[in-house]
Amino acid sequence: MSRLFCRCLLAALVLCAFPALAQPRPFTVEDLVGMEDVGRAAVSPDGRTVAYETFGPWDQSSRFDLGPRSNWTTGRIHLSRIDGGESRLILADQPPGQVVGDWSPSGRYLSVFGFNSGRWEAGVYDVAADRLRWTGLSPELSFEGARTVWMAGDRLLLPVRAGRPTAWSMRHDGYARDDTEVRWAARDGGRLSVTALETQGGVAIPDAARPTVELVMVEATSGQTRTLARGPILDVAPSASGRYIAALERGEGIAPDEPLVQLAATWRSRLRLITVATGESRVFGTDRDVAANLMDWSPEGDRLLVWARRDGTAWRDGDLWRWDARTGVADPLLEGRLDPIGARPFDLTTAIRATWMGSTPVVFAARSGAERRDWYALAPGDPIALSGGLAQPGPSLSAVASDHLLTVADGAVWRLQAGAPAHRLTPPALKAQSRPAPDVYAPQRQQLNRYVRRDWAPVFDDGGGAWIVSGEGGRRVSDPQPGAYWWVEGTATAAVVERRAKGVTRLALESARGDVDLATANAGFADLAFADIVDVPHRDRRGQATTSRLFLPPNMPMSQIKGVVVAVYPESRATSWIYDPGVFLAGLNPLVLASTGYAVLWAAMPDAPAADRAEAFARNVDLALDAAGAAVPGLPIARSALIGHSFGGYSAMMIASATRRHKAYVSWAGPSDLAVAWGEFQATERSALTDNLYFLYRAGWAETSQGALGGPPWEKVETYAAANVLNRADRIADPLLIIASDRDVVPMSSGELIFSALHRQGKPARLATYWGEGHWNYSPANMIDVYREIEAWLDRVLVKETLALAPPTATARSEANSPSPQPP
């Protein structure tokens with residue numbers, strides 16, 4: 001008898017023997033939309049003060065057109081002394097809606113961002129005077145890289161989109177709606193309402209002008225502003241001295257490299273160097289295409305590292321260049337001796353990992369023709385391998401000093417130094433792990449090439465205790481603690497750590513003096529009941545060992561479980577990001593589904609060749625479901641349904657066309673016709689052609705990424721036909737709930753097509769469309785409603801075993817059919 005069965009039997013006996021005994025309330029979707037959060041933190045340059053942010057309940061956000069940033073409208077900023085003392089709320093006289101920026105070089109000022117009278121705006125907070133000055137400028141938060149940064153002399157550099165009242169990136173979906181309304185109004189008034197796009201030689205060319213970004217410098221002391229540059233600026237990086245600014249600009253359009261990848265560059269990027277004092281600028285080679293994710297200045301000497309190729313050549317034929325801003329001399333550093341790219345295709349997410357160790361460039365690369373990659377110092381002469389003694393060196397660095405690097409590899413912290421073997425700084429008993437919290441405000445370049453100049457490294461042991469490691473060795477600053485943990489910020493003696501257990505999130509200041517909780521989010525979650533999680537080991541269809549994960553409804557006897565919902569997504573695992581109750585998961589959440597009385601099986605399943613997916617996916621689900629039934633006696637696997645989101649939604653529909661084992665299906669944001677998914681524009685692209693020149697994003701997804709169809713529809717006709725749900729609609733017999741959104745990257749027409757196909761055949765289906773939403777729902781009402789839709793659909797099929805329709809009326813959306821009211 002399994003331990004799980006014994007536990008379930010005991011729970012049933014307890015419920016029968018003590019019916020009046022109060023049970024913890026289960027976690028529900030209402031708890032999800034009411035989640036609070038802690039955010040970013042920043043330590044002052046002198047290491048004495050930490051600024052951090054907290055966010056109120058999601059459903060108390062003042063607007064939801066900001067998508068995942070909507071709760072920024074509830075943000076508050078706090079300051080705390082590192083050496084102890086009470087935290088204090090700053091800007092208390094302002095309405096909520098502020099987030100933390102960065103400290104100025106002197107530590108006197110803190111950049112803050114917020115919704116000043118509803119408009120996204122940058123401000124400068126004078127810490128000593130406790131005074132905020134709004135700049136009147138709405139800075140961009142760009143995927144490509146442009147971000148507000150401090151320069152030497154306490155000068156703030158802001159990239160500002162010209163002609164927009166607030167940052168375009170903050171209202172991506174909202175502007176698409178606004179632009180559409182403007183064009184409709186123009187038509188209604190008899191005015192011109194056309195947009196036009198042309199293609200020649202594989203280059204998309206909109207009629208409208210490319211957007212212009214202005215680089216505006218703000219003097220923190222006086223508040224005076226000065227515009228340094230204007231143009232199609234993608235990214236900016238000021239030198240350490242503050243004398244120069246590197247600006248990456250969008251150049252002419254180009255046809256993408258073959259094979260087509262999902263985020264292929266469709267334009268050249270040109271590098272411009274701006275002299276701050278005079279405003280003069282120089283271009284880094286008129287025929288040089290500069291990669292997006294590397295612009296790294298030396299700590300001294302005003303020299304810049306970039307990766308560039310000559311126009312018309314492949315990215316891997318480029319080189320790492322050192323450009324001296326003072327002399328204008330540019331030197332190639334690798335000249336074919338090292339390969340920092342490897343076998344993967346080069347796209348907008350590729351980063352050449354390189355930085356400076358004092359005045360010496362270092363790069364993570366492989367010897368030409370080899371597979372192993374190491375950190376190399378590019379001193380005069382042959383490159384020097386720094387990490388050659390490590391079994392598995394990685395591209396991340398925990399610290400960069402003037403003469404050495406610190407990295408976490410092979411479960412230890414190592415010092416890497418030219419002319420010496422890698423030196424282990426932590427004892428063998430300490431299994432060190434680096435767990436930095438992601439900087440959600442940082443553009444991609446600063447996340448991929450994030451190198452902190454210091455001589456100590458923060459790590460955790462395998463129990464969650466925080467350590468700070470330097471050349472003298474490591475010292476623990478906090479004891480092991482249960483739950484998840486991340487290093488947010490800190491100093492050489494204290495750690496600012498985010499800890500999460502049972503959904504309760506704490507931001508803690510931890511040091512030898514003890515631990516101080518700076519902020520706590522979702523404290524009430526400690527009193528809730530969450531799904532019991534059971535690992536289900538089994539073999540997949542290829543015979544390889546794998547593990548699915550089962551979520552059992554909390555406090556529920558096995559006999560009362562309504563059925564088993566199998567969640568599918570090829571090549572995924574139900575990691576803690578999926579099931580941690582402290583994670584605000586706006587997508588498919590197994591904890592919420594389990595709270596409705598269904599067991600949820602997150603099936604581990606490999607992908608399959610595109611033409612064989614339906615039967616292969618169905619076989620894999622059979623193996624996972626049978627293994628769950630064997631592991632948990634009494635689990636009602638005979639009452640099963642399938643659910644999937646995105647590629648999982650596609651997979652669920654493909655499985656529906658290959659088996660009758662399951663009683664019902666739910667496809668949320670799943671593409672039903674891969675030819676449509678290959679080429680149809682996203683709603684936001686239609687209205688803003690100049691901003692969204694990623695028209696081949698979905699084509700790359702279909703050809704070489706997740707879709708894996710091997711080419712465009714006219715070249716792979718049979719593969720597309722075999723992999724299309726729409727072409728297999730005649731084989732779908734069981735009820736299908738289709739969930740779609742009009743702003744989704746997966747075209748809304750995908751849901752409409754499969755609904756029409758089933759309707760044409762007289763088969764049961766339901767289409768629920770959430771207007772204004774994208775790939776996930778963010779409106780609290782929509783977040784709640786989508787789970788009610790799912791539960792009501794499953795109940796009708798698995799519990800009531802009927803799909804009897806309500807009387808047909810023009811506006812019928814009765815309670816029997818849907819818990820959602822019609823809008824007034």
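Glutamate 571 is found in the loop between β44 (564-567) and α5 (576-579); helices (H or I, at least four residues) and strands (E, at least two) are DSSP runs, numbered from the N terminus. Phi of glutamate 571 is near 65°, a positive value in a residue other than glycine. Most residues other than glycine have a negative phi. At 52% relative accessibility, glutamate 571 counts as exposed (over 50%; buried is under 20%, partly exposed in between, with a 1.4 Å probe and protein chains only).

This is a predicted model, where local features need pLDDT of at least 70, side-chain atom pairs count only at pLDDT 80 or more, and totals for chains, interfaces and linings use all residues. Residues are numbered from 1 along each chain as its sequence is written, and side-chain values use heavy atoms, leaving out hydrogens and water.

Serine 117 also has a positive phi, about 55°. Its loop runs between β7 (109-116) and β8 (119-126), and serine 117 is exposed, with a relative accessible area of 79%.

Now to the rings. The structure holds 21 aromatic pairs, meaning rings of Phe, Tyr and Trp (its six-membered ring) with centres within 6.5 Å; planes under 30 degrees apart count as stacked, over 60 as edge-to-face and the rest as tilted. One of them is the tilted pair of phenylalanine 364 and tryptophan 375, 5.5 Å centre to centre with 50° between the planes.

Two arginines place a charge over a ring (CZ of Arg, or NZ of Lys, within 6 Å of the ring centre and within 35 degrees of the ring normal):

| Charged end | Ring | Distance from ring centre |
|---|---|---|
| Arginine 309 | Tryptophan 315 | 3.9 Å |
| Arginine 454 | Tryptophan 456 | 4.4 Å |
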